[in-house]
Amino acid sequence: MLGSSVGKNGINKSADVKTIQQIINLRDDLRKVLPKLVVDGRYGAKTQACIDQAQSGFMRQPDGRIDPYGATIKKIWPIAYGKPTGLAVRGTDSYGAGHHGASRGSRVHDGTDYNSTPGQQVKAPLSGKITKMSKPYSSGIDAMVLSGVEIVASDGTTCWVWYMQPTVNIVGTVVKAGNSIIGTAKTLKNRYKNGITDHIHVRIHTRHGVKVNPTTVIK
Ligand SMILES: [Zn+2]
């Protein structure tokens, strides 16, 4: 969720400083002792004071810097998972089953499908940052409607969430698993007819591209 380092002697690119400023503002424990930061992407004394304060909670000798995939980012925005719709994993319908590894003819299902009610709010399945929009289809009547997002966590774990309309201006936002609303569920029935069970498709990879079965982490 960080491209490069933030803090003392850090590179302090605007997008990364914004990420850290958002995390600090979302951390109630830091907000108790320090004022809320303006999320402007500018690195300065106030942002540094918050980094120092955060590190003092778990480091004996804080270095004032947050590196990508380092101890501090993993500590201040820990890996966490949550249910996107609050509903069960899709069972078997006319188009297949929703579990990871289910047959899709010549290939296997690479994610887990969570049942959805079209129009319902979808919550982040992974804590991290929304890095980009992710579209499952490039053509068809509903290609613009059936969209999604990519979320990258502090350790580089990456999650794709499909078949929803992402919240406006969601890219660049720091999200908390099972808590932050990232979009609105959309129906798949225009594309697949009534035999399909409406759902949200969740796919997870490690930082190094190893597939993760979402049901082993989303509890
Ligand atoms: Zn799926």
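Modeller: Two residues are in contact, or touch, if their C-beta atoms, placed from the backbone, lie within 7 Å. Residues are numbered from 1 along each chain as its sequence is written. The model is predicted: local features need pLDDT of at least 70, side-chain atom pairs count only at pLDDT 80 or more, and totals for chains, interfaces and linings use all residues.

Not counting residues up to four places away in sequence, Val161 touches Pro84, Val122, Pro125, Gly148, Val149, Ile151, Ile182, Ile200 and Val202. A residue is called buried if 20 or more other C-beta atoms lie within 10 Å of its own, exposed if 12 or fewer, and partly exposed in between. A nonpolar core is then a set of buried Ala, Val, Leu, Ile, Met, Phe, Trp, Tyr and Cys residues joined through C-beta atoms within 7 Å. The largest such core has 43 residues, and those with the most contacts inside it are Ile151, Val161 and Ile200.

Helices (H or I, at least four residues) and strands (E, at least two) are DSSP runs, numbered from the N terminus. The elements that give two or more residues to this core are H1, H3, H4, S8, S9, strand S10 (174-175), strand S11 (181-185) and strand S12 (199-205). The largest share, six residues, comes from S9. Domain 1 (6-76) and domain 2 (103-216) both give residues to the core, so the core lies between them. The bounds of these domains come from an automatic or database domain assignment.

Now the strands. Two strands pair if DSSP finds at least two bridges between them. S9 covers residues 158-166 and is joined to S8 by six bridges, the two running antiparallel. Across this pair, Val152 stands opposite Thr158. S8 and S9 form a hairpin with five residues between the strands, and Gly156 in that hairpin takes a positive phi near 90°. S8 (residues 147-152) is also joined to strand S7 (residues 128-133), by four bridges and again antiparallel. There Lys132 stands opposite Glu150.

S9 also pairs with S12 in the antiparallel sense, over five bridges, and here Val161 stands opposite Val202. With S11, S9 makes an antiparallel pairing of three bridges, in which Met164 stands opposite Ala185. S11 in turn pairs with strand S6 (residues 121-123), antiparallel and over three bridges; Val122 has Gly183 as its bridge partner.

S12 is mostly covered, with six of its seven residues buried. Strand S5 (residues 112-115) is joined to S12 by four bridges and runs antiparallel to it, with Asp113 opposite His201. S12 and S13 form a hairpin with five residues between them, and Gly209 in the turn has a positive phi of about 85°.

Next, the helices. H3 (residues 45-56) has twelve residues and reaches 16 Å from its first C-alpha to its last, close to the 16 Å expected at 1.5 Å a residue. The expected span is 1.5 Å times one less than the number of residues. Buried in H3 are Thr47, Cys50, Ile51, Ala54 and Gln55. Seen down the helix axis, these buried residues fall within an arc of 130°, so they line one face of H3; the arc is that of the directions from the axis to the C-beta atoms. Ala45 and Ser56 are exposed, on the face of H3 turned away from its buried side. The cover over the buried residues of H3 includes strand S1 (6-7), helix H1 (14-26), helix H2 (28-33), strand S2 (65-66) and helix H4 (71-76).

H1 has 13 residues and spans 18 Å from first C-alpha to last, close to the 18 Å expected. Its buried residues are Asp16, Val17, Lys18, Thr19, Ile20, Gln21, Ile23 and Ile24.

The C-alpha centres of domain 1 and domain 2 lie 29 Å apart. Nine residues of domain 1 and seven residues of domain 2 take part in the contact. On the domain 1 side, the elements giving two or more residues are H1 and H4, and H1 gives the most, with six residues.
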